[in-house]
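Here's a quick briefing for anyone meeting this structure for the first time. Have a look at the sequence and the model, then read on.

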Amino acid sequence: RTGEVGIREQLLTQIEQATADSPTMPELMNQLQQNGVTVRVGYTRTGKVKGISYALDGVAFSGTKLGRAYTFPGLQKYRGVRYGAEMKSEIEAVNQRPPLTAEARWQQQQERTQIVAPILYQIIQSADGMAYQGRTYATHWDGSHLTLTRLSDHQQLMQAAWNVETERWEPTELSQLGEPEVESLQRGFKRFEQQQQQARTQIAAAIVAEYLELLGEDSFQGHHYEARWEDESLVFIRRQDQARLMTARWDGAAKVWEQAEPSQLQARDMETLNQVYQRLQAYEQEQREQTLQRRSHQPRIDLER
């Protein structure tokens, strides 16, 4: 009725994510404990496994109550969790570990928010400045709050705001960020950055190449940047620290510029190059108009004579 995801559903999601890469039973228990889920494996007097239980926010479920895939044998059969009798001591060590306190969980979520929020904000700014939706997650910025939602169950995993005094992102309510989400977003951001840099390289190389061609030179040195051809590579350098922002080669087969080295082009570099491109466009337009003007003043030839 409230639209919030229930504890049972949260537990199912947490277990499904934690078992995605077929962990051992102790690894699964450790992962869930790190995400605020208390996990206990029960033993009989003879030392045989009796069952497994889970608890989140003070609400507990036995594996049987969650479903057959979440019982101790079900985790092995249906979720690919690996278990051997030699793991008993590790499991008992997790059993004896106290659950995270509310304060510890809040601190944990603060740390995870400070990792995730800058990633989301940069992705949004590279898109339309307000929202971005991928295959697994959606993020939104309303000018004051940054949110992250998991699309599979529409659960809001994080809501954060920028703290001007501390100059960092702070959760405005208890987040539900698990370690798998943090790792997944970090991997996704790395791929996103690579795609961004490849796109920037294609734009920047086209502008720099056109500018050098217009000058009729193999190199140019300005106040802030310099560009030159090195064999078959086009290099763009920031003069302040001599950083090679771009090294690109033309792929004739694909008809695109490709990175020869990892690009370091930033948004401010692209703004400068866009200004150069606009001046190039204006200059070429002026040249076209002058050419048309000269042609219009040439004497006409009467072909019938």
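Val39 sits opposite Tyr54 in S2, and Arg40 has Ser53 as its bridge partner in S2. This is a predicted model, where local features need pLDDT of at least 70 and side-chain atom pairs count only at pLDDT 80 or more, while totals for chains, interfaces and linings use all residues. Residues are numbered from 1 along each chain as its sequence is written, and side-chain values use heavy atoms, leaving out hydrogens and water.

**The hairpin**
- S1 (residues 38-43) and S2 (residues 49-56) pair in the antiparallel sense, with six bridges; pairing takes at least two DSSP bridges between two strands.
- Five residues lie between these strands in the hairpin, and Gly47 has a positive phi near 90° there.

**The sheet**
- Three strands make an open sheet in the order S1-S2-S3, with antiparallel pairing.
- S1 and S3 (59-62) are the edge strands, each pairing on one side only.
- From one strand to the next, the twist averages 25°, with axes fitted to C-alpha atoms (for helices, over the stretch in contact) and angles running from 0 to 180 degrees between N-to-C directions.

**The helices**
- Helices (H or I, at least four residues) and strands (E, at least two) are DSSP runs, numbered from the N terminus.
- H1 (residues 7-18) packs on the sheet and touches S2 and S3, contact being heavy atoms within 4.5 Å; its direction is at about 115° to that of S2.
- H2 (residues 25-34) also packs on the sheet, touching S1 and S2, and its direction makes about 145° with that of S1.
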